[in-house]
Amino acid sequence: MFQYEYSNKVKAMRPSIIRELLKQMADPSLISFAGGNPDPEAFPAKEIREISDRLLSGPPGRVLQYSITEGTTELREQGIKYLNAQGPVAKETDDVMVVSGSQQVMDFLSKLLCNDGDLIATEDPAFLGALNSFRSNGARLAGVALEPDGPNLAMLEAVLTGDQKPKFYYTIPNFQNPTGATCSLEKRKAVYKLCKKHGVPILEDNPYGELRFTGEDLPPIKSFDEEGLVIYAASLSKVFAPGMRIALCAGPKALIGQMTVAKQGSDVHSNLWGQRVIEEFYKTYDFAAHIQRLRGVYREKANYMMDCLREKVGGRITFEPIEGGMFLWLNLPEGVDMQAYVKKCLEHKLALVPGNAFFVDGETPCQSVRCNFSTPTMEQIDKGTTIMREVLDGMM
(Lines give C-alpha, C1' and ligand atoms only; values in the text may rest on other atoms or scores of the structure.)
Protein backbone atom coordinates (compact mmCIF):
# COMPACT_ATOMS: atom_id res chain seq x y z
CA MET A 1 0.00 0.00 0.00
CA PHE A 2 1.34 3.47 -0.91
CA GLN A 3 2.68 5.44 2.06
CA TYR A 4 1.91 9.17 2.06
CA GLU A 5 4.52 11.55 3.42
CA TYR A 6 2.72 14.22 5.45
CA SER A 7 3.88 17.81 5.73
CA ASN A 8 5.42 19.22 8.89
CA LYS A 9 2.33 21.41 9.33
CA VAL A 10 0.06 18.38 9.46
CA LYS A 11 2.42 16.55 11.81
CA ALA A 12 2.12 19.45 14.27
CA MET A 13 -1.67 19.04 14.49
CA ARG A 14 -3.28 16.94 17.21
CA PRO A 15 -6.47 14.94 16.79
CA SER A 16 -9.38 16.47 18.68
CA ILE A 17 -10.06 14.27 21.69
CA ILE A 18 -13.58 15.73 21.76
CA ARG A 19 -14.29 14.53 18.21
CA GLU A 20 -12.78 11.15 19.05
CA LEU A 21 -15.05 10.85 22.09
CA LEU A 22 -18.10 11.83 20.05
CA LYS A 23 -17.50 8.90 17.73
CA GLN A 24 -18.63 6.75 20.62
CA MET A 25 -21.97 8.52 20.80
CA ALA A 26 -23.48 5.84 18.54
CA ASP A 27 -23.89 4.00 21.85
CA PRO A 28 -27.30 5.27 23.04
CA SER A 29 -26.45 4.41 26.64
CA LEU A 30 -23.48 6.80 26.72
CA ILE A 31 -24.03 10.15 28.44
CA SER A 32 -21.83 12.90 27.05
CA PHE A 33 -20.62 15.85 29.09
CA ALA A 34 -17.78 16.02 26.54
CA GLY A 35 -19.20 17.91 23.58
CA GLY A 36 -19.91 21.58 23.07
CA ASN A 37 -23.10 21.41 21.06
CA PRO A 38 -26.04 23.73 21.64
CA ASP A 39 -29.23 22.22 23.01
CA PRO A 40 -31.24 21.12 19.92
CA GLU A 41 -34.37 22.40 21.68
CA ALA A 42 -32.86 25.89 21.43
CA PHE A 43 -32.74 25.86 17.62
CA PRO A 44 -35.43 28.08 16.02
CA ALA A 45 -36.40 25.11 13.83
CA LYS A 46 -39.99 26.25 13.21
CA GLU A 47 -38.90 29.69 12.06
CA ILE A 48 -36.07 28.28 9.92
CA ARG A 49 -38.53 25.95 8.20
CA GLU A 50 -41.01 28.79 7.56
CA ILE A 51 -38.29 31.06 6.18
CA SER A 52 -36.83 28.30 4.00
CA ASP A 53 -40.25 27.52 2.52
CA ARG A 54 -40.73 31.18 1.61
CA LEU A 55 -37.23 31.50 0.15
CA LEU A 56 -37.53 28.35 -1.94
CA SER A 57 -40.91 29.48 -3.27
CA GLY A 58 -39.16 32.42 -4.91
CA PRO A 59 -36.36 32.63 -7.49
CA PRO A 60 -34.06 29.67 -6.69
CA GLY A 61 -30.92 31.59 -7.60
CA ARG A 62 -31.39 33.87 -4.59
CA VAL A 63 -30.79 30.91 -2.28
CA LEU A 64 -29.10 28.14 -4.29
CA GLN A 65 -26.67 29.98 -6.57
CA TYR A 66 -23.03 30.93 -5.98
CA SER A 67 -22.61 34.12 -3.96
CA ILE A 68 -19.99 36.79 -3.26
CA THR A 69 -17.06 35.85 -1.06
CA GLU A 70 -17.49 38.58 1.57
CA GLY A 71 -21.08 37.54 2.30
CA THR A 72 -24.38 38.99 1.17
CA THR A 73 -24.75 42.75 1.42
CA GLU A 74 -27.89 42.38 3.54
CA LEU A 75 -26.32 40.11 6.14
CA ARG A 76 -23.18 42.21 6.39
CA GLU A 77 -25.31 45.30 7.02
CA GLN A 78 -27.37 43.46 9.61
CA GLY A 79 -24.14 42.08 11.05
CA ILE A 80 -22.82 45.57 11.74
CA LYS A 81 -25.98 46.38 13.73
CA TYR A 82 -25.77 43.06 15.57
CA LEU A 83 -22.11 43.50 16.50
CA ASN A 84 -22.52 47.13 17.53
CA ALA A 85 -25.39 46.28 19.86
CA GLN A 86 -22.65 44.77 22.08
CA GLY A 87 -20.53 47.95 21.93
CA PRO A 88 -18.77 49.90 19.16
CA VAL A 89 -17.29 46.81 17.49
CA ALA A 90 -17.53 47.54 13.76
CA LYS A 91 -16.13 51.05 13.31
CA GLU A 92 -15.93 53.28 10.23
CA THR A 93 -12.40 52.03 9.55
CA ASP A 94 -13.58 48.40 9.75
CA ASP A 95 -15.29 46.02 7.40
CA VAL A 96 -17.41 42.97 8.18
CA MET A 97 -17.34 39.67 6.33
CA VAL A 98 -19.32 36.45 6.62
CA VAL A 99 -17.25 33.33 7.27
CA SER A 100 -17.97 29.61 7.56
CA GLY A 101 -17.87 29.44 11.33
CA SER A 102 -15.58 31.50 13.54
CA GLN A 103 -12.82 28.89 13.39
CA GLN A 104 -12.31 30.02 9.80
CA VAL A 105 -11.22 33.41 11.16
CA MET A 106 -8.54 31.66 13.22
CA ASP A 107 -7.39 29.75 10.16
CA PHE A 108 -7.29 32.79 7.88
CA LEU A 109 -5.61 35.14 10.36
CA SER A 110 -2.82 32.69 11.16
CA LYS A 111 -2.46 31.94 7.45
CA LEU A 112 -2.20 35.65 6.62
CA LEU A 113 0.15 36.69 9.42
CA CYS A 114 2.30 33.65 10.18
CA ASN A 115 5.23 32.06 8.43
CA ASP A 116 6.52 28.71 9.61
CA GLY A 117 7.93 29.05 13.11
CA ASP A 118 6.21 32.35 13.93
CA LEU A 119 4.70 32.71 17.39
CA ILE A 120 1.06 33.12 18.46
CA ALA A 121 0.20 34.00 22.06
CA THR A 122 -2.90 32.33 23.46
CA GLU A 123 -4.81 31.83 26.65
CA ASP A 124 -3.77 28.59 28.31
CA PRO A 125 -5.92 26.49 28.42
CA ALA A 126 -7.72 27.49 25.23
CA PHE A 127 -10.19 26.31 22.60
CA LEU A 128 -8.65 23.23 21.02
CA GLY A 129 -9.94 24.05 17.54
CA ALA A 130 -8.09 27.37 17.61
CA LEU A 131 -4.83 25.75 18.68
CA ASN A 132 -5.07 23.25 15.84
CA SER A 133 -5.83 26.00 13.31
CA PHE A 134 -2.76 27.91 14.41
CA ARG A 135 -0.54 24.84 14.31
CA SER A 136 -1.83 23.86 10.88
CA ASN A 137 -0.43 27.13 9.52
CA GLY A 138 3.03 26.48 10.91
CA ALA A 139 2.79 28.64 14.03
CA ARG A 140 4.32 27.91 17.40
CA LEU A 141 2.23 28.66 20.48
CA ALA A 142 3.06 30.55 23.68
CA GLY A 143 0.56 29.97 26.47
CA VAL A 144 -0.57 32.67 28.91
CA ALA A 145 -1.99 31.23 32.14
CA LEU A 146 -5.68 31.91 32.66
CA GLU A 147 -6.99 33.07 36.03
CA PRO A 148 -10.65 33.26 37.16
CA ASP A 149 -10.90 36.88 35.96
CA GLY A 150 -8.80 36.62 32.79
CA PRO A 151 -5.18 36.17 31.74
CA ASN A 152 -2.20 36.52 34.04
CA LEU A 153 -1.08 39.98 32.93
CA ALA A 154 2.54 39.60 34.02
CA MET A 155 2.83 36.43 31.96
CA LEU A 156 1.11 38.10 29.00
CA GLU A 157 3.59 40.96 29.04
CA ALA A 158 6.49 38.52 29.34
CA VAL A 159 5.27 36.72 26.21
CA LEU A 160 4.70 40.00 24.33
CA THR A 161 8.24 41.17 25.14
CA GLY A 162 10.04 37.87 24.68
CA ASP A 163 12.77 37.05 22.19
CA GLN A 164 10.14 36.48 19.46
CA LYS A 165 7.20 38.88 19.31
CA PRO A 166 3.87 37.10 18.76
CA LYS A 167 1.97 37.74 15.55
CA PHE A 168 -1.22 38.12 17.63
CA TYR A 169 -2.84 37.20 20.96
CA TYR A 170 -5.90 34.91 20.98
CA THR A 171 -8.59 35.31 23.65
CA ILE A 172 -12.21 34.34 24.46
CA PRO A 173 -13.20 36.96 27.07
CA ASN A 174 -16.79 35.75 27.60
CA PHE A 175 -17.43 32.33 29.23
CA GLN A 176 -14.19 30.96 27.92
CA ASN A 177 -13.85 27.52 26.38
CA PRO A 178 -12.85 25.35 28.24
CA THR A 179 -12.92 27.08 31.65
CA GLY A 180 -16.16 29.09 31.51
CA ALA A 181 -14.22 32.08 32.92
CA THR A 182 -15.16 35.67 32.08
CA CYS A 183 -12.48 38.30 31.72
CA SER A 184 -13.08 41.30 33.99
CA LEU A 185 -13.48 44.81 32.63
CA GLU A 186 -10.17 45.83 34.23
CA LYS A 187 -8.30 43.00 32.55
CA ARG A 188 -9.97 43.62 29.18
CA LYS A 189 -8.65 47.16 29.28
CA ALA A 190 -5.25 45.98 30.48
CA VAL A 191 -4.98 43.36 27.71
CA TYR A 192 -5.70 46.00 25.08
CA LYS A 193 -3.27 48.45 26.66
CA LEU A 194 -0.46 45.87 26.78
CA CYS A 195 -1.00 44.69 23.20
CA LYS A 196 -1.19 48.28 21.96
CA LYS A 197 2.02 49.16 23.83
CA HIS A 198 3.92 46.27 22.26
CA GLY A 199 2.29 46.37 18.82
CA VAL A 200 0.65 42.93 18.96
CA PRO A 201 -2.82 42.45 17.39
CA ILE A 202 -5.63 40.72 19.29
CA LEU A 203 -7.98 38.06 17.96
CA GLU A 204 -11.08 38.38 20.14
CA ASP A 205 -13.31 35.33 19.77
CA ASN A 206 -16.88 35.71 21.08
CA PRO A 207 -18.91 32.58 20.36
CA TYR A 208 -20.78 32.58 23.69
CA GLY A 209 -21.36 36.26 24.49
CA GLU A 210 -25.12 36.15 23.84
CA LEU A 211 -25.50 33.24 26.27
CA ARG A 212 -25.14 35.33 29.44
CA PHE A 213 -27.74 34.22 31.97
CA THR A 214 -26.60 36.14 35.05
CA GLY A 215 -24.53 39.26 35.79
CA GLU A 216 -23.89 42.32 33.64
CA ASP A 217 -22.70 42.46 30.03
CA LEU A 218 -19.12 43.65 29.63
CA PRO A 219 -17.85 45.63 26.63
CA PRO A 220 -15.81 43.74 24.01
CA ILE A 221 -12.09 44.45 23.86
CA LYS A 222 -12.77 45.56 20.28
CA SER A 223 -14.86 48.43 21.61
CA PHE A 224 -11.70 50.05 23.06
CA ASP A 225 -9.82 49.76 19.77
CA GLU A 226 -8.86 52.96 17.96
CA GLU A 227 -5.74 51.54 16.30
CA GLY A 228 -7.16 48.77 14.12
CA LEU A 229 -5.46 46.32 16.46
CA VAL A 230 -8.38 43.98 17.24
CA ILE A 231 -9.96 41.40 14.95
CA TYR A 232 -13.36 40.26 16.22
CA ALA A 233 -14.99 36.88 15.52
CA ALA A 234 -18.67 36.33 16.36
CA SER A 235 -20.07 32.89 15.72
CA LEU A 236 -23.80 32.60 15.05
CA SER A 237 -23.71 28.84 15.68
CA LYS A 238 -24.77 29.18 19.31
CA VAL A 239 -27.67 31.56 18.62
CA PHE A 240 -29.07 29.95 15.44
CA ALA A 241 -27.71 26.54 14.48
CA PRO A 242 -24.13 25.30 14.01
CA GLY A 243 -25.11 23.34 10.90
CA MET A 244 -25.53 26.65 9.07
CA ARG A 245 -21.78 27.34 9.48
CA ILE A 246 -22.22 31.12 9.63
CA ALA A 247 -20.14 33.61 11.61
CA LEU A 248 -19.14 37.26 11.34
CA CYS A 249 -15.68 38.81 11.38
CA ALA A 250 -15.00 42.52 11.95
CA GLY A 251 -11.60 44.07 11.40
CA PRO A 252 -9.63 46.75 9.55
CA LYS A 253 -10.72 47.04 5.93
CA ALA A 254 -7.34 46.14 4.47
CA LEU A 255 -7.09 43.01 6.60
CA ILE A 256 -10.65 41.93 5.73
CA GLY A 257 -9.71 42.43 2.08
CA GLN A 258 -6.83 39.99 2.48
CA MET A 259 -9.10 37.56 4.34
CA THR A 260 -11.46 37.70 1.38
CA VAL A 261 -8.64 36.59 -0.92
CA ALA A 262 -7.84 33.75 1.52
CA LYS A 263 -11.49 32.70 1.53
CA GLN A 264 -11.57 32.65 -2.27
CA GLY A 265 -8.83 30.04 -2.10
CA SER A 266 -10.60 28.07 0.61
CA ASP A 267 -14.37 27.65 0.18
CA VAL A 268 -15.26 30.55 -2.20
CA HIS A 269 -18.14 31.76 -0.03
CA SER A 270 -20.18 30.77 3.01
CA ASN A 271 -23.47 28.88 2.92
CA LEU A 272 -25.87 31.13 0.96
CA TRP A 273 -29.02 29.43 2.26
CA GLY A 274 -27.85 30.01 5.84
CA GLN A 275 -27.11 33.67 5.14
CA ARG A 276 -30.54 34.26 3.59
CA VAL A 277 -32.33 32.48 6.45
CA ILE A 278 -30.55 34.60 9.06
CA GLU A 279 -31.31 37.78 7.08
CA GLU A 280 -35.00 36.95 7.04
CA PHE A 281 -35.02 35.94 10.71
CA TYR A 282 -33.67 39.36 11.69
CA LYS A 283 -36.30 41.10 9.56
CA THR A 284 -39.28 38.92 10.44
CA TYR A 285 -38.94 37.68 14.00
CA ASP A 286 -38.14 39.11 17.43
CA PHE A 287 -34.43 38.37 17.75
CA ALA A 288 -34.21 39.80 21.28
CA ALA A 289 -37.00 37.46 22.44
CA HIS A 290 -35.20 34.53 20.79
CA ILE A 291 -32.00 35.34 22.72
CA GLN A 292 -33.92 35.61 25.98
CA ARG A 293 -35.40 32.17 25.37
CA LEU A 294 -31.92 30.74 24.76
CA ARG A 295 -30.63 32.30 27.95
CA GLY A 296 -33.49 30.74 29.87
CA VAL A 297 -32.69 27.28 28.51
CA TYR A 298 -29.00 27.51 29.42
CA ARG A 299 -29.61 29.15 32.78
CA GLU A 300 -31.83 26.26 33.84
CA LYS A 301 -29.38 23.61 32.68
CA ALA A 302 -26.29 25.29 34.13
CA ASN A 303 -27.93 25.84 37.50
CA TYR A 304 -29.17 22.26 37.58
CA MET A 305 -25.73 20.83 36.83
CA MET A 306 -24.05 23.08 39.42
CA ASP A 307 -26.68 22.09 42.01
CA CYS A 308 -26.20 18.38 41.22
CA LEU A 309 -22.43 18.70 41.54
CA ARG A 310 -22.69 20.57 44.86
CA GLU A 311 -25.08 17.95 46.21
CA LYS A 312 -23.18 14.86 45.05
CA VAL A 313 -19.48 15.79 45.01
CA GLY A 314 -19.41 19.15 46.74
CA GLY A 315 -16.18 19.85 48.63
CA ARG A 316 -14.36 17.18 46.65
CA ILE A 317 -14.83 18.27 43.03
CA THR A 318 -14.74 22.07 42.93
CA PHE A 319 -15.54 24.70 40.30
CA GLU A 320 -16.00 28.43 39.84
CA PRO A 321 -19.67 29.38 39.24
CA ILE A 322 -20.21 30.69 35.72
CA GLU A 323 -22.29 33.56 34.34
CA GLY A 324 -23.01 32.12 30.90
CA GLY A 325 -21.78 29.93 28.08
CA MET A 326 -21.80 26.13 27.92
CA PHE A 327 -18.99 24.80 30.14
CA LEU A 328 -17.89 24.14 33.69
CA TRP A 329 -14.23 23.55 34.56
CA LEU A 330 -14.12 20.95 37.31
CA ASN A 331 -11.13 20.46 39.62
CA LEU A 332 -10.57 16.95 40.95
CA PRO A 333 -9.15 16.31 44.43
CA GLU A 334 -5.40 16.02 44.85
CA GLY A 335 -4.36 12.40 44.71
CA VAL A 336 -7.02 11.42 42.16
CA ASP A 337 -5.45 10.62 38.80
CA MET A 338 -7.39 12.80 36.33
CA GLN A 339 -6.77 10.62 33.29
CA ALA A 340 -7.74 7.48 35.20
CA TYR A 341 -10.89 9.23 36.45
CA VAL A 342 -11.94 10.18 32.91
CA LYS A 343 -11.26 6.63 31.70
CA LYS A 344 -13.22 5.10 34.57
CA CYS A 345 -16.18 7.44 33.94
CA LEU A 346 -16.16 6.38 30.29
CA GLU A 347 -16.27 2.73 31.38
CA HIS A 348 -19.40 3.70 33.32
CA LYS A 349 -20.91 5.30 30.19
CA LEU A 350 -20.09 8.96 30.96
CA ALA A 351 -17.83 10.98 28.65
CA LEU A 352 -15.76 13.87 30.05
CA VAL A 353 -12.86 15.74 28.43
CA PRO A 354 -9.49 15.63 30.22
CA GLY A 355 -8.33 19.17 30.87
CA ASN A 356 -4.80 18.71 29.56
CA ALA A 357 -6.26 18.41 26.02
CA PHE A 358 -6.75 22.20 26.01
CA PHE A 359 -3.25 23.25 27.02
CA VAL A 360 -0.53 24.40 24.63
CA ASP A 361 1.66 21.70 26.13
CA GLY A 362 -0.50 18.60 26.30
CA GLU A 363 1.82 17.21 28.98
CA THR A 364 0.98 20.05 31.40
CA PRO A 365 0.03 18.58 34.80
CA CYS A 366 -3.72 18.99 35.16
CA GLN A 367 -6.35 18.01 37.72
CA SER A 368 -9.29 19.44 35.75
CA VAL A 369 -11.92 18.19 33.32
CA ARG A 370 -14.24 20.14 31.05
CA CYS A 371 -17.92 19.49 31.59
CA ASN A 372 -20.64 20.55 29.11
CA PHE A 373 -24.21 21.14 30.29
CA SER A 374 -25.87 22.39 27.09
CA THR A 375 -26.14 19.05 25.26
CA PRO A 376 -27.33 16.51 27.87
CA THR A 377 -30.91 16.40 29.09
CA MET A 378 -31.84 17.11 32.70
CA GLU A 379 -32.20 13.37 33.29
CA GLN A 380 -28.74 12.77 31.82
CA ILE A 381 -27.24 15.55 33.96
CA ASP A 382 -28.67 13.89 37.07
CA LYS A 383 -27.50 10.41 36.05
CA GLY A 384 -24.10 11.61 34.82
CA THR A 385 -23.28 13.49 38.01
CA THR A 386 -24.28 10.37 39.97
CA ILE A 387 -21.74 8.39 37.92
CA MET A 388 -19.14 11.06 38.73
CA ARG A 389 -19.82 10.60 42.45
CA GLU A 390 -19.73 6.80 42.26
CA VAL A 391 -16.44 6.76 40.32
CA LEU A 392 -14.92 9.28 42.71
CA ASP A 393 -16.02 7.22 45.72
CA GLY A 394 -14.38 4.16 44.17
CA MET A 395 -11.09 5.98 43.55
CA MET A 396 -10.88 7.62 46.99
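## The second largest cavity

E123, L146, G150, P151, I172, P173, Q176, A181, T182 and C183 line the second largest cavity of this predicted model. A cavity here is a set of points, on a 1 Å grid over the protein atoms alone, where a 1.4 Å probe fits but cannot get out, and lining residues have an atom within 4 Å of a point. The volume is about 30 Å³, taken as the space filled by probe spheres set on the points.

Sorted by class, that lining has six nonpolar, three polar and one charged residues. Ala, Val, Leu, Ile, Met, Phe, Trp, Tyr, Cys and Pro count as nonpolar, Asp, Glu, Lys and Arg as charged, and the others, including Gly, as polar.

## The largest cavity

There are two cavities of 30 Å³ or more, and the largest comes in at about 40 Å³. Among the residues lining the largest cavity are Y82, Q86, the run N206, P207, Y208, G209 and E210, and V239. Its lining splits into five nonpolar, four polar and one charged residues.

## Where α6 meets α10

Helices α6 (residues 103–113) and α10 (residues 253–264) pack with axes 10 Å apart, at an angle of about 105 degrees. That makes them roughly perpendicular (65 to 115 degrees). On the α6 side, Q104, V105, F108, L109 and L112 make the contact (heavy atoms within 4.5 Å), with L255, Q258, M259, A262 and K263 on α10. This contact has seven nonpolar, two polar and one charged residues.

## Ground rules

Local features need pLDDT of at least 70 and side-chain atom pairs 80 or more, while totals for chains, interfaces and linings use all residues. Residues are numbered from 1 along each chain as its sequence is written, and side-chain values use heavy atoms, leaving out hydrogens and water.

Terms used
1 Å grid on protein atoms, 1.4 Å probe; cavity = no way out; pocket = protein on both sides within 12 Å on 5 of 7 lines; lining within 4 Å. Axes fitted to C-alpha atoms, helices over the stretch in contact; angles between N-to-C directions. Helix = DSSP H or I, 4+ residues; strand = E, 2+ residues; numbered from the N terminus. Parallel < 35°, antiparallel > 145°, perpendicular 65-115°, else oblique.
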